[in-house]
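Thanks for coming. I'll go through the ligand sites in this structure, one after the other, and then stop.

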Amino acid sequence: MAKIPENSAALLEQYGPHLAYSNGLKLATGADPDRLVDTHCCFCGQQCGIRLKVKENQVIGFEPREDFPFNQGMLCPKGVKRYLQGAHPDRLLTAIERDPSSPTGFRPMAYERAIERVAAEIQRLQADYGKDAFGILSGASLTTEKAYLMGKFARVAVQTANIDYNGRLCMVSAAAGNKKAFGIDRAANPWSDILGAEVVWISGANVAECAPITTNYVWQAREHGAKIIVVDPRITPIARTCDLFLPIKPGRDIALFNGILHLMIANDWLDHDFINQHTVGFEAVAEHVSEWTPKQTAQVTGITERAIHQAAEWWGKAKTSFLLHARGIEHHSHGVQNVLGAINMVLASGRIGREHCGYATITGQGNGQGGREHGQKCDQLPGGRDISNPDHRAFIANVWGVAANDLPQAGVDAYEMFRKIDRGEIKGLLSLCFNPKVSLPDNHFITRALDKLEFYVAIDFFLNESAHHADIVLPGSLHEEDEGVVTQIEGRVIKINQAVDPPGDAKQDWRIIQDIAAKMKRERGFTFHNPREIFDELRVASKGGICDYSGITYEKIEQQNGVFWPCPDDDHPGTPRLFEEGSTNVIAKGNGRFYFPDGKARFNVAPYSPPIEDVDAEYPIILTTGRVVSQFLSGTQTRRIGPLVDQYPEPCVEMHPQLAEKLGIKDGDLTTVESRRGDCTLPAMVVTTIRPDTVFIPYHWAGRKSANQLTIAAQDPISKIPEYKVCAVRVRRSGEKGR
Ligand SMILES: Nc1nc2c(c(=O)[nH]1)N[C@H]1C(S)=C(S)[C@@H](COP(=O)(O)OP(=O)(O)OC[C@H]3O[C@@H](n4cnc5c(=O)[nH]c(N)nc54)[C@H](O)[C@@H]3O)O[C@H]1N2
Ligand SMILES: Nc1nc2c(c(=O)[nH]1)N[C@H]1C(S)=C(S)[C@@H](COP(=O)(O)OP(=O)(O)OC[C@H]3O[C@@H](n4cnc5c(=O)[nH]c(N)nc54)[C@H](O)[C@@H]3O)O[C@H]1N2
Ligand code: SF4
Ligand SMILES: [Mo]
């Protein structure tokens, strides 16, 4: 991470040969752009500001955009190379339909005809099997306008209960934990609060690779004297620069949080005034953690007692602090409990709702935050409303001009939809911005389910691996081909600006959705002319809800360089820091700082339970999965960008030298990793930075290189997040390979 060192011309010069295989760009190299468009990166939830160079309806490069306060011109490798996907030859330029006789398996079809067929198939399947037999999967890389439209489309046009989104694989444990403890689900602080924290605690977040710009905040805090504590089974790049590293055994974080709270109580490192005035439930939690002695904690977590004492002392005695976590503690069958354990530690310290006293989960997808607020979750309506609450249903039904009784009830989560497909209860599927065949656990099951569908339509700009199973694929829009808002990591609503028009027959996703609604003769409520009109309706629909956007306008976003929600009226500047002394909110109504009627935060007893599939004699090694810096999610985009492919061309199995030696494996040897669900053969990467009882595989690749052939479809009972971070495997050498 550094100030951008290169411009597009230099990049092309440097990487020119690779573009031949990875994207046959015909860029006007070194040419002067016609226009510069200020927008944001299309990838992760930090949503760095970026200035795109545009010439003749093509993005040809970028310049640093220094005015956006979050990244101030900095970008990571993905942001630097993102523009290279625009002119890729794989870009879908027409609708296509299945044609087994074609070498590609598909043939082009007229867009109008494709829409007609999609509408007809939805209606046929629903007439034959019932409304809920058609399922919809949506995504959190979409703008908030699109996410809102998808929720409305499912409930009002298709009238199915079964809509869910890929944030189910990502943000839901944090969301559920935050709602339980604070009554609201958003980062409690802007990242500027990290800078003055005395202790920065990072659990299960590979900050430098997955939230690279956040590294800058952590390092600045360190320069101001902060102690950095990192909890991870791997010594990630951020861990290499921390003051205390806790090498936790995967799946044991709640034990650690309980153990730290135990020591805080034993040493009276507590903020009694805060606990008494602003929280409920402390006594029950205190009683629960009494059994979590340092000895017991060390036994379960694999961390030394000494390190546990040190961490507790630094955390306990700090005057200011910031706790960050990500999927490392959330991707578990007890992900919500882990999050609650982290929050208990924060509440007991009283260090929240003040300058440099903060807590947040690090969001994932570009719109990981906004995508989980306005109704594309199976149990949610816009404004963060609850689909089973009669008042909430009545409010939204009124905005949408339908009868509340006609709104479906809650549907099932994304994984459960595949079980329903397998059982024949869901017969048709529409997916937008989701690649379940690569990203869902135990994905041989997902592949079989996709093939059982009577009809599947995917909307994407590339033919992703799931879309290979589709009957029709509709050509959607790239990030730079549309406008709308997203909410980044800090809770700041920002504006994506359109740089170019979709090429060929490709269409902005919201237009495609509206075209389907119109063909189904359900166009009422789906006649928006532009994203601004959708946003204006969303503002009304969010009013009075917890996620209140009603005071946010495109203009205010522009003027303020983003607006933090809640922003409940036109004169409101937005709310960068939640839970401040004297603040009021829509639920507490002047009664306190947190989003419950009594205004108090909740301690929650968070019991430890082991992972669903623990190691045993047959499968003695823990597999954990995650990411590398140069690839993004299921890889559909980044596996098409040559320079990023070069950086990490294929997945490897990270393992410790002790384990490698025991198994007779050398660095680069082909190694077979086998779980109860599948196997996968990849080169070994022997590194001293991982626990000897654990192997790690990044999951961005498909087919026989996919880590999700191995993972288990166990889910958290509350959030329904899959347990991507722990399953049991056995490992053996399967041959030599010069890596
Ligand atoms: N380069 C890149 N950046 C990305 C993404 C990407 O695909 N590529 N995706 C974006 C998205 S959608 C997301 S969700 C975020 C994810 O961001 P992160 O959550 O930071 O990334 P992961 O690699 O999934 O997991 C983080 C860490 O958890 C550790 N871990 C595994 N098991 C455990 C455990 O039981 N306890 C603890 N404490 N740690 C554990 C892993 O070793 C890993 O270092 O990144 C976003 N940014
Ligand atoms: N083993 C393992 N598996 C994991 C994880 C893990 O850590 N380990 N992490 C999980 C997490 S945190 C996540 S977020 C999921 C992600 O899983 P997915 O959401 O399935 O992955 P994506 O690659 O984002 O797939 C989205 C698809 O949407 C397309 N797309 C992107 N933007 C747009 C758009 O604006 N419009 C349209 N029409 N299409 C678009 C892309 O081309 C891509 O094909 O993976 C999960 N899977
Ligand atoms: S940190 Fe995230 S938003 Fe920023 S440039 Fe990298 S991928 Fe894009
Ligand atoms: Mo994610």
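One caution before the details: this is a predicted model.

I'll take ligand 2 to begin with. A nitrogen atom of ligand 2 sits 3.4 Å from a backbone N or O atom of S477. Taken alone, ligand 2 exposes 910 Å², and the protein buries 98% of that. I459 also comes in through its backbone, with a polar atom 3.4 Å from a nitrogen atom of ligand 2. N464 uses its side chain: an N or O atom there is 2.9 Å from an oxygen atom of ligand 2.

What surrounds ligand 2? The shell has 30 residues, and the closest are N166, S439, D460, S634 and N708. By class, 15 of the shell residues are polar, 11 are nonpolar and four are charged. Two of the contributing elements are strand 19, residues 455–460, and strand 25, residues 621–626; each supplies at least two residues. At the level of domains, at least three shell residues come from domain 2, which is 118–166 + 370–487 + 497–526, and at least three from domain 4, which is 621–737. The space that ligand 2 takes up is the largest cavity.

Now ligand 1. The space it takes is the second largest cavity. Around ligand 1 there are 34 residues, the closest being D232, D253, R627, Q631 and L633. That shell divides into 14 nonpolar, 12 polar and eight charged residues.

In G251, a polar backbone atom is 2.7 Å from an oxygen atom of ligand 1. In V629, a backbone N or O atom is 2.9 Å from a nitrogen atom of ligand 1. In G204, the corresponding distance, again from a backbone N or O atom to a nitrogen atom of the ligand, is 3.4 Å. As for burial, ligand 1 alone exposes 910 Å², of which the protein covers 99%.

Which elements supply the shell of ligand 1? Helix 6 (207–210), helix 13 (327–330) and strand 25 each give at least two residues. Helix 13 has the largest share, with three residues.

Last point: why does ligand 1 lie between domain 3 and domain 4? Domain 3, residues 172–361, and domain 4, residues 621–737, both give residues to its shell, so ligand 1 lies between them.

Conventions: Residues are numbered from 1 along each chain as its sequence is written. Chains are lettered from A and ligands numbered from 1 in the order in which they are written. This is a predicted model: local features need pLDDT of at least 70, side-chain atom pairs count only at pLDDT 80 or more; totals for chains, interfaces and linings use all residues. Side-chain values use heavy atoms; hydrogens and water are left out. A residue is near a molecule or strand if one of its heavy atoms lies within 4 Å of it. A polar contact is a pair of N or O atoms within 3.5 Å; within protein, one must be able to donate a hydrogen and the other to accept it, and residues adjacent in sequence count only if both atoms are side-chain atoms. Accessible areas come from the Shrake-Rupley method with a 1.4 Å probe; for residues, only the protein chains shown count as cover. On a 1 Å grid over the protein atoms alone, a cavity is a set of points where a 1.4 Å probe fits but cannot get out, and a pocket is an open set with protein on both sides within 12 Å along at least five of seven lines; lining residues have an atom within 4 Å of a point. A molecule sits in a cavity or pocket if more than half of its atoms lie within 2 Å of its grid points. Helices (H or I, at least four residues) and strands (E, at least two) are DSSP runs, numbered from the N terminus. Ala, Val, Leu, Ile, Met, Phe, Trp, Tyr, Cys and Pro count as nonpolar, Asp, Glu, Lys and Arg as charged, and the others, Gly among them, as polar. Domain bounds come from an automatic or database domain assignment.
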